[in-house]
Each structure stands twice: as C-alpha cells, then as structure tokens.
Amino acid sequence: MNIDLHQASEACTLPTMERPLRVAEFDRLFATAAADAERLGPQTARIALPPRPELAATAADLVVRETQCCSFFAFALTATGGRLHLDVTVPESQIEVLDAIVGWVERARAA
C-alpha cells in the first residue's frame with residue numbers, strides 16, 4: 001500500500017521511524033480481514049470484519065495504539081448479531097484521511 005495516513009495529518013505524534021510498521025499492521029488487518037467499507041456519513045465509515053474473537057482483539061489493540069498518536073480518530077468496535085464492525089470517525093478537518101481509509105479497504109478487498 002502506498003499510503004501513509006500518518007503523513008496525511010500533522011496531528012500525528014507517532015515517531016517517523018514507526019510509521020511504516022503501523023501502516024503494515026493496518027495493511028494486514030485490511031488485507032486478511034476487511035470484508036467491506038461503507039460511509040455512514042461524511043465523517044464516519046464502517047468497516048465490516050469477520051466476527052472472530054482473535055480478530056476483534058487484534059483490531060482493538062491496533063486502534064487503541066492508533067488513538068495514542070492520532071487522537072483525532074474515534075474508533076468503535078462493535079460485535080452484534082454475529083457481525084463485527086469497526087466504525088471510524090474523524091473531525092471535518094480529517095475527512096481526506098477517512099477517504100483514504102475507505103479506499104485502502106476497498107483496494108485490499110480487491111487484491
């Protein structure tokens with residue numbers, strides 16, 4: 001993937017040397033688990049994931065660490081009715097980052 005979400009926002013505090021590793025973690029999550037991404041609104045997207053406990057744990061760990069460096073993100077991981085969703089919400093100033101995430105999931109699904 002040729003995207004670095006951490007460069008997309010000056011609000012990110014993740015050290016530059018760690019950014020490729022974090023991007024690789026999202027690459028793995030999206031490539032192996034993301035089923036679909038849909039926009040719920042201009043500032044929110046929902047990523048459907050397979051409802052597996054180990055995947056929920058991996059996604060939760062990743063998004064908790066992501067909010068430590070990019071505090072503008074709001075993530076909600078929900079398991080209900082045999083489904084697992086990761087909702088991503090950003091402020092209006094970060095809509096381009098959300099657009100990039102939706103595109104990232106779509107490209108990962110197509111690959």
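This section describes the salt bridges and the cysteine residues of a predicted model.

Side chains of opposite charge can pair when their charged atoms come close. A search of the whole structure finds seven such salt bridges. Three of them are described here, beginning with a pair in helix H2.

Arg-22 and Glu-25 form a salt bridge in which the closest N and O atoms lie 3.7 Å apart. This distance counts because the limit for a salt bridge is 4 Å between a side-chain nitrogen of Lys or Arg and a carboxyl oxygen of Asp or Glu. Both residues belong to helix H2, which spans residues 19-33, and they are three residues apart, so about one helical turn separates them. The two partners fall into separate accessibility classes: Arg-22 is buried, with a relative accessible area of 8%, whereas Glu-25 is partly exposed, with a value of 22%.

A second pair is found in helix H3, which covers residues 53-69. Here the side chains of Asp-61 and Arg-65 meet in a salt bridge, with an N to O distance of 3.1 Å. Asp-61 and Arg-65 are four residues apart, about one turn of the helix. Asp-61 is partly exposed at 41% relative accessible area, and Arg-65 is also partly exposed, at 23%.

Arg-52 has a relative accessibility of 36% and counts as partly exposed. Glu-54 is likewise partly exposed, at 48%.

The cysteine residues were considered next. The structure holds zero disulfides. For Cys-69, the closest cysteine sulfur is that of Cys-70, at 3.8 Å, and this is too far for a bond.

Note on methods: Residues are numbered from 1 along each chain as its sequence is written. This is a predicted model: local features need pLDDT of at least 70, side-chain atom pairs count only at pLDDT 80 or more; totals for chains, interfaces and linings use all residues. Side-chain values use heavy atoms; hydrogens and water are left out. Helices (H or I, at least four residues) and strands (E, at least two) are DSSP runs, numbered from the N terminus. Buried means under 20% relative accessible area, exposed over 50%, partly exposed in between (1.4 Å probe, protein chains only). A disulfide is a pair of cysteine sulfur atoms within 2.5 Å.
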